[in-house]
Amino acid sequence: MKTIPRYHIEEDRPFLPKDIFSEDLYCPGFVPVEAEETISVKRVSGTGGAFVLKGEFGKCYEVKFAPEAGVVTAMFVQGDPRALDENETLTGTKVNCDFDSQDRFMYVCRSTPEYLVICVSGKGAPVYIGERTILQETDTAGDWYIPGPMGSLTDPDGTFANYRWTAQQVIDNLYEPYRAKYPGYISRTHLGKDQTGQFDMYGYVYTPETYKTTFFLTGGVHSNEEAGYYALAKLMQMICDATEEDDPFRILRQNVRFVVIPVVNVWGVSQEHNPADEEARKRIRRNSEDVDLNRDFGDVTQQETKNVLAFFRQYADSTEFAMDFHNSGKENCSLWYNFINNTVNSQVNYKVTNHMYHRLMELGLCDKTPNMEKIPGSYYKASKYLEGRIWNEFGVPTITVEHVINSTFPHRFSEEGFTLAVETYGNFLIQNALFFIQR
Ligand SMILES: [Zn+2]
């Protein structure tokens with residue numbers, strides 16, 4: 001059996017784009033001036049300072065500060081603030097940024113000519129500024145899987161499935177027929193009951209005769225994110241049936257062992273759905289104890305979380321990649337985003353994200369200047385998330401893929417919306433499989 005290398009942050013650096021930071025980006029004597037509706041930067045003598053980067057459309061900058069550097073604010077301004085005279089101000093747009101307590105800070109430059117100004121209190125001490133190119137035409141070349149119509153989830157009888165199904169119906173209708181069809185390939189494990197003690201959780205393992213890598217896939221951690229767990233079921237069916245030479249899933253069928261938990265929040269998925277009622281939808285995001293399971297992987301208080309980790313532990317040593325299927329209602333997010341680890345396969349995931357963005361522009365589903373702040377996120381450090389736990393405890397690169405379901409987008413229950421979901425998750429799977437198989 002091949003030894004699986006584990007990748008941690010320092011080793012990962014070569015896979016990130018080049019660092020662009022040098023200390024000369026730090027300009028002392030700048031302070032932010034926040035008014036009710038505007039934000040400006042002002043040059044004054046004395047304490048404070050700012051990092052000034054010339055932003056370019058499509059470029060994304062990741063900034064990590066040492067703990068002693070207090071970040072005050074970040075903004076985009078038209079024009080170079082370094083040209084300001086004393087007490088002159090330059091007004092700009094505030095950048096909505098996540099500055100997390102673990103020194104990580106991330107955002108995107110959206111258009112040119114804009115300068116990105118990050119004002120810090122005290123002497124700024126960034127440890128790293130990395131540049132990531134999100135929009136690059138060359139990244140859209142190459143094989144890309146575009147599915148045919150996938151059926152919808154709204155038909156009372158379900159053209160593919162029915163979003164009102166309970167977790168058990170998802171298992172019985174979408175997974176069990178395939179286990180019967182491919183008994184030598186698919187096995188099932190009962191993972192135990194959920195927190196209520198009433199609902200069953202299952203894990204499936206798809207084992208090719210010989211395989212080169214193992215992937216761990218999870219759906220329904222958030223039970224109101226139907227596109228995620230139904231697309232997972234659809235993709236596993238397509239992988240099972242991928243026998244034709246030109247089938248893009250054939251390489252997965254032959255080379256990847258999949259360890260799959262179709263539905264994690266089995267209680268939530270089994271509750272009455274009312275997609276028009278936001279409160280109801282919020283309620284069933286959580287489990288029976290009103291716990292968001294994707295915040296429980298640090299403390300592991302819920303039976304669902306315990307079952308997931310117990311099952312994963314059996315395969316952890318040979319797993320090279322994990323993917324958690326979610327969907328998101330974020331209005332300001334151009335498309336899909338994933339919380340990408342700075343790991344060996346980060347570039348694969350940036351490229352897939354980028355390519356999907358271009359696809360959406362082709363389809364007229366997003367405008368030309370999307371807010372891409374959320375694309376490369378920073379959740380991986382926190383073990384309370386499934387991906388964070390799997391990365392922190394086991395060193396397995398893990399991504400959370402979010403398919404957007406907002407009001408300007410084809411609805412997740414529509415055929416178009418569901419087909420786009422399959423396209424997104426499917427290409428993440430294919431590209432990551434190619435990467436790990438060829439390594
Ligand atoms: Zn979610």
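Among contacts in the chain (C-beta atoms, placed from the backbone, within 7 Å) between residues at least 6 apart in sequence, 76% join residues at least 24 apart. The model is a predicted one: local features need pLDDT of at least 70 and side-chain atom pairs count only at pLDDT 80 or more, while totals for chains, interfaces and linings use all residues. Numbering starts from 1 along each chain, following the sequence as written. Buried residues (20 or more other C-beta atoms within 10 Å of the residue's own; exposed means 12 or fewer, and partly exposed is in between, with C-beta atoms placed from the backbone) make up 48% of the 439 residues in the chain. As for secondary structure, there are 10 helices and 18 strands, taken as DSSP runs numbered from the N terminus (H or I, at least four residues, for helices; E, at least two, for strands).

Now to the helices. Helix 8 covers residues 346-362 and helix 10 covers residues 415-438; the two pack at an angle of about 150°, their axes 10 Å apart. Here the axes are lines fitted to C-alpha atoms, for helices over the stretch in contact, and angles run from 0 to 180 degrees between N-to-C directions. Helix 8 brings V348, N349, V352 and M356 to the contact, and helix 10 brings T424, N427, F428, Q431, N432 and F435. By type, that makes 5 nonpolar residues, 5 polar and no charged.

The buried residues of helix 8 include V348, N349, V352 and M356, along with Y350 and Y357. Just after helix 8, G364 takes a positive phi of about 70°.

Over in helix 10 sits L429, which counts as buried because it has 27 C-beta neighbours inside 10 Å. Leaving out residues up to four places away in sequence, L429 touches L235, L252 and M323. L429 and F249 are 180 residues apart in sequence, yet their C-alpha atoms are 9.1 Å apart in space.

On to the strands, where pairing calls for at least two DSSP bridges between two strands. Strand 2 (residues 30-34) and strand 3 run antiparallel, paired over 5 bridges, and form a hairpin with 4 residues between them. The bridge partner of F30 in strand 3 is R43. Strand 3 is also paired with strand 7 (residues 89-94), again in the antiparallel sense, over 4 bridges; there V41 stands opposite L90. Strand 3 itself (residues 39-43) has a covered face of I39, V41 and R43, with S40 and K42 on the uncovered one.

Finally, a couple of loop residues have positive phi without being glycine. N87, in the loop between strand 6 (70-77) and strand 7, has phi near 70° and is exposed, with 9 other C-beta atoms within 10 Å. D290, in the loop between helix 6 (278-283) and helix 7 (303-313), has a positive phi of about 65°. D290 is exposed too, with 8 other C-beta atoms within 10 Å.

Definitions and conventions. Two residues are in contact if their C-beta atoms, placed from the backbone, lie within 7 Å. Ala, Val, Leu, Ile, Met, Phe, Trp, Tyr, Cys and Pro count as nonpolar, Asp, Glu, Lys and Arg as charged, and the others, Gly among them, as polar.
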